[in-house]
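This briefing goes with the sequence and structure shown here. The points are grouped by topic and can be followed on the model.

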Amino acid sequence: MPQMWVRQGESLRHTMPPMAPGSQATRLLLADDDPKLRQFLELELGEEGYAVHSAASGMEALLAIRQEKPELVILDWMLPDLSGVEVCQRLRSTGLGVPVLMLTGRDAVADRVEALDAGADDYLVKPFSIEELLARLRALARRGSTAPERLQGEDLVLNTASHEVSRGGAAIHLSLTEFSLLRELMREPGRVQSREQLLHSVWGEGFVGDSNVLDVYVRYLRRKLEPEGQPTLIQTVRGVGFLLKPGAPKAVAP
């Protein structure tokens with residue numbers, strides 16, 4: 001089917017072709033308290049084939065997520081009553097792994113880390129282009145759409161069908177992005193994967209964010225997968241990338 005273009009003011013924007021008959025729209029929750037921005041995004045996302053449900057506050061967002069069961073969530077950081085960070089923390093505390101994209105006007109590294117620590121899978125700094133927002137959403141959607149696999153290395157097991165990870169039989173709870181990164185490392189154990197390869201595989205071909213996000217998520221995985229006294233699993237090859245291979249036991253804090 002040919003690509004379609006629509007004009008917005010003086011610019012042209014690429015849009016997805018109409019959905020095939022019988023296909024189901026991706027359910028998306030949009031939480032933002034700015035009515036103008038919310039209306040604009042509802043229209044744009046609707047044109048892209050998303051079934052959009054919107055909320056104007058943190059509590060509305062939590063209620064809608066429980067009722068609507070969205071497949072993607074866009075959270076503004078500065079929501080009334082509960083911030084986007086607090087909403088995300090509550091979602092993750094219940095084990096809900098729905099992909100979350102955080103919108104924020106904060107551009108400091110500490111703020112980005114706070115959003116990721118809360119469980120957000122990606123973030124986008126305002127002001128942003130609609131093209132970049134759509135690309136980020138497509139990347140998030142792709143992460144959960146791969147065929148089921150069961151991967152195992154040493155005592156580490158990952159199951160994509162159930163989205164479960166365990167080490168030595170103990171369950172480990174990972175965010176969607178942590179899970180996706182670990183899956184890529186486990187697919188080729190013992191082989192170094194470059195930073196560029198991992199960014200492309202996990203964050204998508206069109207990723208234009210800070211490449212240091214990879215280091216942040218490697219640190220998250222190490223914290224969850226490598227308890228004190230147990231062999232390390234994720235090794236760094238400086239100047240090249242990362243690989244999954246048993247290493248020396250992690251030192252026990254005095």
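**Backbone exceptions**

The loop between strand 7 (122-125) and helix 5 (130-143) contains Pro127. In this predicted model, the peptide bond that joins Lys126 to Pro127 is cis, with omega near -5°. Most residues other than glycine have a negative phi, and most peptide bonds are trans.

- Lys69 is not a glycine, yet has a positive phi of about 50°.
- The loop between helix 2 and strand 5 holds Lys69, and Lys69 is exposed, with a relative accessible area of 54%.
- Glu154 also has a positive phi, near 55°, in a residue other than glycine.
- Glu154 sits in the loop between strand 8 (150-153) and strand 9 (156-159), and is exposed at a relative accessible area of 59%.
- Gly95, which follows helix 3, has a positive phi near 85°.

**Nonpolar cores**

- The largest nonpolar core has 51 residues, and those with the most contacts inside it are Leu75, Met102, Val165, Leu181, Leu182 and Leu225.
- Helix 8 (residues 213-225) supplies the largest share of this core, eight residues.
- Apart from this core lies another, of 16 residues, including Leu30, Leu101, Ile130 and Leu133.
- Leaving aside residues up to four places away in sequence, Val165 touches Leu156, Val157, Leu158, Ala170, Ala171, Ile172, Leu174, Phe179, Leu182 and Leu225.

**Helix 3**

- The buried residues in helix 3 (residues 84-93) are Gly84, Val85, Val87, Cys88, Leu91 and Arg92.
- Viewed down the axis of helix 3, these buried residues fall within an arc of 160°, so they line one face of the helix.
- What do the buried residues of helix 3 pack against? Their partners are helix 2 (58-68), strand 5 (72-76), strand 6 (100-104) and helix 4 (109-117).

- An open sheet is formed by three strands in the order 12-14-13, with antiparallel pairing.
- Strand 12 (193-194) and strand 13 (234-237) are the edge strands, each pairing on one side only.
- Strands of a sheet pair through backbone hydrogen bonds, either parallel or antiparallel.
- Four bridges join strand 13 and strand 14 (residues 241-244) in the antiparallel sense.
- Gln235 has Leu243, in strand 14, as its bridge partner.
- Helix 8 lies across strand 13 and strand 14, and runs at about 145° to strand 13.

Methods. Residues numbered from 1 in each chain as written. Predicted model: local features only at pLDDT ≥ 70, side-chain atom pairs only at ≥ 80, totals over all residues. Heavy atoms only, no water. Core = buried A, V, L, I, M, F, W, Y, C linked by side-chain atoms within 4.5 Å. Buried < 20%, exposed > 50% of the residue type's maximum accessible area, 1.4 Å probe, protein only. Helix = DSSP H or I, 4+ residues; strand = E, 2+ residues; numbered from the N terminus. Contact = heavy atoms within 4.5 Å. Arc of directions from axis to C-beta. Pairing = 2+ DSSP bridges. Axes fitted to C-alpha atoms, helices over the stretch in contact; angles between N-to-C directions.
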